[in-house]
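The following note sets out points for a colleague who has the model open. Each point takes up one part of the fold.

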Amino acid sequence: QVLPSPPGAVAAAKRQALDEAMRLRRQRLSELGYRQQAALRLGEVRQNADPVPQYGTLELSFEVSGTFDNPFDPDQIDVAAVFTGPLGRDAWVPAFLYQDFRRTEAGGIERNGTPLWKVRFSPSQVGQYRYRIRVNNAGVRTESAPAELQCTPGTGRGYIRVSAETPRYCTFDDGTPYIPSGINLFVSTRLGDPIPPNRLEL
């Protein structure tokens, strides 16, 4: 006969398992160098290009030190960039922790350098942008000095959006129709037939 668990025993076991999982995660993050116990500091912000073409990619790189167990938890460390476009509208872009890797001679991978923070942003309007980095470390805040970015005309078609003229379809920002295409293998595979040899050829 299987006796029922004492009241609260299941909940206690779940809490214990969760605490152990959190302990192991903190230990692993500490081993990787992601866990920090330091005063909040925002390092120099470096950008990959200036000017940046319209719909091109701006990448900002910088170091942040602070006190946190998990850099992927925004309640502990929240890092974002605020871009103000030519029309005065603000765009908030979350930062992410980046770690570079390289391939070893044995065919594996290893970390290359120390982790740092990055922001990637694609300007959609030609003109001058202003931006700054804001950091919130569990209530302790700091931000970078304002910086400027020039966006020049580019050749990109822009983002994909629902068409303003025909909501049944999508278009790029420049008005070019967006017609998605892909490889449809459903009919062949659902009947058990092999995929035709030339189906995947481009």
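1. Two strands are said to pair if DSSP finds at least two bridges between them. By that criterion strand E8 pairs with strand E11 (residues 116-121), in the antiparallel sense and over 3 bridges. Within this pairing, Tyr98 has Leu116 of E11 as its bridge partner. The model under discussion is predicted.

2. As to overall content, the chain contains 17 strands and 2 helices. Of its 202 residues, 25% are buried. Among contacts between residues at least 6 apart in sequence, 54% join residues at least 24 apart.

3. The pairing of E8 with E11 belongs to an open sheet of 4 strands, ordered E2-E4-E11-E8 with antiparallel pairing. At the edges of this sheet are strand E2 (46-47) and strand E8 (96-98), each of which pairs on one side only.

4. A further open sheet has 3 strands, in the order E15-E16-E17, and the pairing is again antiparallel. Strand E15 (160-162) and strand E17 (177-178) each have a single partner strand, so one side of each is left without a neighbour in the sheet. E15 is joined to strand E16 (residues 170-172) by 3 bridges.

5. Which residues have the most contacts inside the largest nonpolar core? They are Leu60, Phe62, Val79, Phe83, Trp117, Val119 and Ile133, in a core of 24 residues. Two or more residues each come from strand E4 (58-62), strand E5 (64-68), strand E6 (78-84), E11, strand E12 (127-137) and strand E14 (147-152). The element that gives the most to this core is E12, with 4 residues.

6. Val119 may be examined through its contacts beyond four places in sequence. These include Leu58, Leu60 and Phe62, together with Ala81, Phe83 and Ile133. Val93, Pro94, Ala95 and Phe96 are also among the contacts of Val119.

7. Is Val93 buried or exposed? Its relative accessible area is 14%, and since buried means under 20%, Val93 counts as buried. Val93 and Val119 are 26 residues apart in sequence, yet their C-alpha atoms are 7.1 Å apart in space. Leaving aside neighbours within four places in sequence, Val93 is also in contact with Ala80, Ala81, Phe83, Arg120 and Phe121.

8. Ile77 may be considered next. It lies in the loop between E5 and E6, and at 3% relative accessibility it counts as buried. Its C-alpha atom is separated by 7.2 Å from that of Val135, a residue 58 places away along the chain. Beyond four places in sequence, the contacts of Ile77 include Val64 and Phe68, Asn70 and Pro71, and Trp117, Val135, Asn136 and Asn137.

9. Finally, the largest pocket has a volume of about 180 Å³. It is lined by 13 residues, of which Arg89, Ala91, Ser124, Gln125 and Tyr129 are the closest to its centre. By class, the lining consists of 7 nonpolar, 4 polar and 2 charged residues.

Methods: Residues numbered from 1 in each chain as written. Predicted model: local features only at pLDDT ≥ 70, side-chain atom pairs only at ≥ 80, totals over all residues. Heavy atoms only, no water. Core = buried A, V, L, I, M, F, W, Y, C linked by side-chain atoms within 4.5 Å. Buried < 20%, exposed > 50% of the residue type's maximum accessible area, 1.4 Å probe, protein only. Contact = heavy atoms within 4.5 Å. 1 Å grid on protein atoms, 1.4 Å probe; cavity = no way out; pocket = protein on both sides within 12 Å on 5 of 7 lines; lining within 4 Å. Points joined across faces, edges and corners; volume = space filled by probe spheres on them. Nonpolar A, V, L, I, M, F, W, Y, C, P; charged D, E, K, R; others polar.
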